[in-house]
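Q: Please take a close look at the loops and describe their backbone geometry. Which residues deserve attention there, and how is each one placed?

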Amino acid sequence: MDIIPYGKHHITEDDIENVVAVLKSGSLTCGPKIREFEEKFRSYVGMPSYALAVCNGTAALHLAAKSLGVCDGDNVIVSTITFAASANCIRFCGGNVTFCDIDPETYLMDIAKLRRILESSPKGSYKGIVVVDFAGYPHNMEIVRSVADEYGLWIIEDACHAPGAYFTDSKGSVQLTGNSRYADATVFSFHPVKHITSGEGGMMVTNREDIHRKASLLRTHGVTKRVEDMEKYDGGWYYEMVELGYNYRITDIQAALAISQLSRAKENVETRREIARRYDEIFGKHERIKTPYVSKLVGHAYHLYLIQVDDRKGLYDYLRKNGVYSQVLYYPLHLMPYYKALGCKEGDCPVAEEYYKHCLALPMYPTLTRQEQDYVIEKVLEYVEN
């Protein structure tokens, strides 16, 4: 059997044909496919008012932070179990990061501990929160919003793992991840191991016109052709640079691939859920394996299928020896050398630190076959039961 990775992209003939069509067209970048992708993605995640496609998820996070006005000395709270970009976007703007510990069941930011951080700090100490829908399990953003409003904070929702996820609000209504009803900005990634890929790519969605306008300007060097934003107007060729921006554009080539991938997104999320249910059915019977938390109020998008075991390294090595390439996600961000140099230390987030010692992501992607999953299950059980 070939190597079975923890994540894997899938390119179809339709994907290829869509990309080739763009290559044969007159627009490779800054063309109509970008707007088409933005509109179709906006529909997929519950129709937020605005969507802005960019070159990767990190760029989307950076633009969200900049558009919310993060600047030197601003303090922002971020979950520690996440990829570096979730916190780095604040540092890019000169802000300071305080890491919050995770809930031991969901692995999301622990809202009780978030409250403790805020209650133990002088009023106005913090400007915002970056919450992470880790592994595809979405936050209850209604609850996060209530805390944010109480303390006057903005919210960036890092949903890079969670397109297609949802939670049920206090009125029993389903809230799709990305509809931006509660978050000031929500961010997605289209890296090859994500649900939808454009090779590299990202998206910021929001219901706030001010955030979208600012991010749109910063996406393309801070350059505008809007007459009302210019000091003068010399003609149709004329533009002005009014902000120090970036080249965070995505190409029409990437957008075409993403549009094609998006057409299968709902079906692929359901396939991921079926794979997870089968893992749960088998592993849930074993007291030595902790399976992901499941709630009837939440639609998990299962970017990752995470288990916890006592001898994580032993299982990782055994699986790899047998052709199953599992992955460990994540080493707590507050323990990374960069953030330790800024004052973070072991013991700051004990639940996350304990989680890291036992977590393992098993293969999870829509094209994982029944035979491959059987093999993964067999090898996990061989190790755990011996």
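Backbone geometry in the loops

A: Tyr-330 lies in the loop that runs between β15 (324-325) and α11 (337-340); helices (H or I, at least four residues) and strands (E, at least two) are DSSP runs, numbered from the N terminus. The model is a predicted one, in which local features need pLDDT of at least 70 and side-chain atom pairs count only at pLDDT 80 or more, while totals for chains, interfaces and linings use all residues. Residues are numbered from 1 along each chain as its sequence is written, and side-chain values use heavy atoms, with hydrogens and water left out.

The peptide bond that leads from Leu-329 into Tyr-330 is cis, its omega being near 0°. Most peptide bonds are trans, and most residues other than glycine have a negative phi.

Two further loop residues concern phi. Cys-30, in the loop between α1 (13-23) and α2 (32-44), has a phi near 60°, a positive value in a residue other than glycine. Tyr-107, in the loop between β4 (96-100) and α5 (111-119), likewise is a residue other than glycine with a positive phi, near 70°.

Their surroundings can be described by relative accessible area, where buried means under 20%, exposed over 50%, and partly exposed in between (1.4 Å probe, protein chains only). Cys-30 has a relative accessible area of 54% and is therefore exposed. Tyr-107 has a relative accessibility of 4%, so this residue counts as buried.
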